[in-house]
Each structure stands twice: as structure tokens, then as C-alpha cells.
Amino acid sequence: MTTSPPDAIAASPASSSAPDGGAPAAVRGPLLRPALSLFVILSLVTGVLYPLAVTGVAQAAFPQQAAGSLLHDRAGHAVGSALIGQNFTDPGHFWGRPSATAPMPYNAGASGGSNLGPLNPALADAVKARVAALREADPGNTAPVPVDLVTASASGLDPHISPAAARYQIARVARARGLPPERVEALVREHTQAPAIAWLGDAGVNVLALNLALDALR
């Protein structure tokens, strides 16, 4: 009876697989090359070409929106975005909706509402305080206070108020600036924006754009 020598067993084909138990090196080579090529191609397409194409189309078709919908003062300096409200408190400017963002109003990095329910006493107290502040700023105005002047929006960044809220402030702004109320009212009408779809949404007035127009009258 003959037996194979130990060296013959060590050299058998079954023992020639890769040390890590994977495919032999002759098989891994052809798989690695197309995988790396595909990785490079997809990285270029999705990480470079596609973003450049989308940015180019946006800049060509919607240059104002693609740049952040920025608004500029008379000197041409960017002073804000038409998409984010600002906190105006002096009587010579129109005031926007209250903002519940922290640590400051209209903080774009902390968008959110107060999350207070309609029956929450804290919300009722806040609304009463805001109504009192509006009455104190314009004692002769006995008109009902529009609700959007005393309640925060869900985002806390709303840049618009209703036409009624703008009209409520015309007398105060005109008096503070020494302007005829009719002139200020005309500006409000000029800056009243109709909803994008006539039967969906309400008209609004961009507070920052309106105040910039007021400043341009000086």
C-alpha cells in the first residue's frame, strides 16, 4: 500500500486559495478594476457634474432665488433676505409678526414656534402683552388688532404680514416719519403680494421690502 508524501498534500489544489478565505488573487484583480472605475465615475457624476448642472440651471432660470432672495438698501448693500423676517421695533418702521425663536427673534438657525396650545394661559398672556404694546405705540388707533401682529408663526421666521396688519400700522408710521398717511398707504398697496395661486393662500406684505421702500423716501 502506497501513500502520498506530505509534500504532495501541501501542494494540492485545494490549499491554493487566498490566505483570507476569499477569491484567489487571479479573480480579485478583474473585480477590483471595474469597481474602482465605477466609484470614480459615480463620484464625478453625482458629486461634481450634477451639482454644477443644477446650480447652473438655477442661476440661469431663477437668479434672484438661487442667490438667497437677497434685498439691498439704497447703497446696494445686502440687508437681508425676502424669505426671513427681521425684528423692527422703532415706530417709524412697520413691525412684523412676533417670533418665538431663541436666543433672538428671527434666528434662522433655530426656526420654530412657541408650541403653546390655544388654551395655554402663557399664550393668552403673551397675546395680551402684545396687544397692549401696540395700543401704547399708537394710542389713537382703536381698530381691532390683526391676529398676525400678536401671534407667532410656526417657523418663527415669517417675513410677511397680512394687508390688514400693514394698514393697522399706517397711521403710526406716517406720524413717526412726518409723511402723509396716503403716501404710506400707497407704499403698502405697492408691496402687497397676491398669492401665487388665486384661490390658494392669502395676500401678504413683505415687511423688510416695505421698510426699505420707506427708507428710500428720505
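Student: Is asparagine 115 buried or exposed?

Tutor: This is a predicted model, in which local features need pLDDT of at least 70, side-chain atom pairs count only at pLDDT 80 or more, and totals for chains, interfaces and linings use all residues. Residues are numbered from 1 along each chain as its sequence is written, and side-chain values use heavy atoms, with hydrogens and water left out. Buried means under 20% relative accessible area, exposed over 50%, and partly exposed in between (1.4 Å probe, protein chains only). With a relative accessible area of 76%, asparagine 115 is exposed.

Student: Where is tyrosine 106 found?

Tutor: Tyrosine 106 is buried, at 9% relative accessible area. Helices (H or I, at least four residues) and strands (E, at least two) are DSSP runs, numbered from the N terminus. Tyrosine 106 is found in the loop between S2 and H4.

Student: Which strands stand at the edges of the open sheet of three strands?

Tutor: Two strands pair if DSSP finds at least two bridges between them. The order is S3-S5-S4, with antiparallel pairing. Two strands each have a single partner strand, so one side of each is left without a neighbour in the sheet: S3 (160–161) and S4 (192–193).

Student: What angle does the direction of helix H8 make with that of S5?

Tutor: Helix H8 (residues 207–215) packs on the sheet, touching S3 and S5; contact means heavy atoms within 4.5 Å. Axes are lines fitted to C-alpha atoms, for helices over the stretch in contact, and angles run from 0 to 180 degrees between N-to-C directions. The direction of H8 makes with that of S5 an angle of about 55°.
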